[in-house]
Amino acid sequence: RYSKIFIRRFYMKKILSFALALVMMLGMLVIPSTVSAATGSDYINSIELLNALNVMVGYGDGNMGENDNIQRYQMALFFARALTGITDNTNWAGKSKYFADVTEWGGAVDMCKELGIIIGYDDGLYHPADGIRYQDALVMIIRALGMETDKMAYPWGYYFAARDIGITTAISLNTLPTTLIRGETAALIEKMLYTDYSTTATPK
């Protein structure tokens, strides 16, 4: 039986290969107008890549909302798309079977829970509309990469593990409790996809 870590790494290798090929293509293509609202963003390249991968598709009006706070359900959806390559929303919609307060995008939330990427709050809920803090995003990334250990203390153990593999260089934040915006989230997910987890240092 394949482990959760093996499954995550298998899919991430597939997505990374596609992402690398896409980056080469983007160098020769004009970026579509769907991400034009992000022009001038500090994270324009990350937004363009995730948009091209259909991981971050923006709002119905074509606005990517790069300066909007990221919400917990959105983070789960982005991770579900990025880790599996499945971007058809019918796979991720519906109610959660684990969290009573998740009535939309429950498929994505449930997948992240089943892979051990998210746990939820002590009250048994997920609070999908709440923001995602920098420290919590790093926890999700370290878990997705299969680097979490029983000795890893929250939040600094996850921060140091992420720092040691270069994840924290993606954005310029110095305060862990800061709520992320969508542009920062795109940069962190891109960095995760490019991380060579086969050679990452063992977390201390």
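# Briefing: helices, backbone features and side-chain contacts

Asparagine 54 is partly exposed, at a relative accessibility of 37%; "buried" stands for under 20% relative accessible area, "exposed" for over 50% and "partly exposed" for what lies in between, with a 1.4 Å probe and protein chains only. The structure is a predicted model, in which local features need pLDDT of at least 70 and side-chain atom pairs count only at pLDDT 80 or more, while totals for chains, interfaces and linings use all residues. Residues are numbered from 1 along each chain as its sequence is written, and side-chain values use heavy atoms, with hydrogens and water left out. The protein chain has seven helices and zero strands.

**Overall architecture**

- From the N terminus on, the order of elements in the protein chain is α-α-α-α-α-α-α; helices (H or I, at least four residues) and strands (E, at least two) are DSSP runs, numbered from the N terminus.
- The protein chain has 204 residues, and 48% of them count as buried.
- Its accessible surface comes to about 10300 Å², with 53% belonging to carbon and sulfur atoms; such areas come from the Shrake-Rupley method with a 1.4 Å probe, and for residues only the protein chains shown count as cover.
- Of the contacts in the protein chain between residues at least 6 apart in sequence, 65% join residues at least 24 apart, where a contact means heavy atoms within 4.5 Å.

**Helix α2 and the residue that follows**

- Helix α2 is largely enclosed by the rest of the structure, because seven of its nine residues are buried.
- The buried residues in α2 are Ile44, Ser46, Ile47, Glu48, Leu49, Leu50 and Asn51.
- Isoleucine 47, placed in helix α2, counts as buried at 0% relative accessibility.
- The C-alpha atom of isoleucine 47 is separated by 9.1 Å from that of valine 57, ten residues apart along the chain.
- Asparagine 54 follows α2 and belongs to the loop between α2 (44–52) and α3 (72–84).
- Although asparagine 54 is not a glycine, its phi is positive, at about 65°.

**Other backbone features**

- Histidine 127 also is not a glycine, yet has a positive phi of about 55°.
- This histidine 127 sits in the loop between α4 (106–114) and α5 and is partly exposed, with a relative accessible area of 25%.
- A cis peptide bond, with omega near 0°, runs from tyrosine 154 to proline 155.
- Proline 155 is found in the loop between α5 (134–144) and α6 (156–164).

**Aromatic pairs**

- A pair of aromatic rings is described by the distance of the centres and the angle of the planes.
- Rings of Phe, Tyr and Trp (its six-membered ring) pair if their centres lie within 6.5 Å; planes under 30 degrees apart count as stacked, over 60 as edge-to-face and the rest as tilted.
- By this rule, the count comes to five aromatic pairs.
- One of them joins tyrosine 154 and tyrosine 158 edge-to-face, at 6.5 Å centre to centre and with 65° between the planes.
- Tyrosine 154 is partly exposed, with a relative accessible area of 43%, whereas tyrosine 158 is buried, at 5%.
- The pair of tryptophan 156 and tyrosine 159 is edge-to-face, because the ring centres are 5.4 Å apart and the planes are at 80°.
- Both tryptophan 156 and tyrosine 159 lie in helix α6, three residues apart, which is about one turn of the helix.
- Tryptophan 156 counts as partly exposed, at 47% relative accessibility.
- Trp156, Tyr159 and Phe160 are linked into a cluster by ring pairs.

**Charged side chains**

- Lysine 113 lies over the face of tyrosine 98, at 5.6 Å from the ring centre; for this, NZ of Lys or CZ of Arg must be within 6 Å of the ring centre and within 35 degrees of the ring normal.
- Arginine 182 lies over the face of tyrosine 59, at 5.0 Å from the ring centre.
- Not counting residues up to four places away in sequence, glutamate 184 touches Tyr43, Ile171, Leu173 and Thr179.
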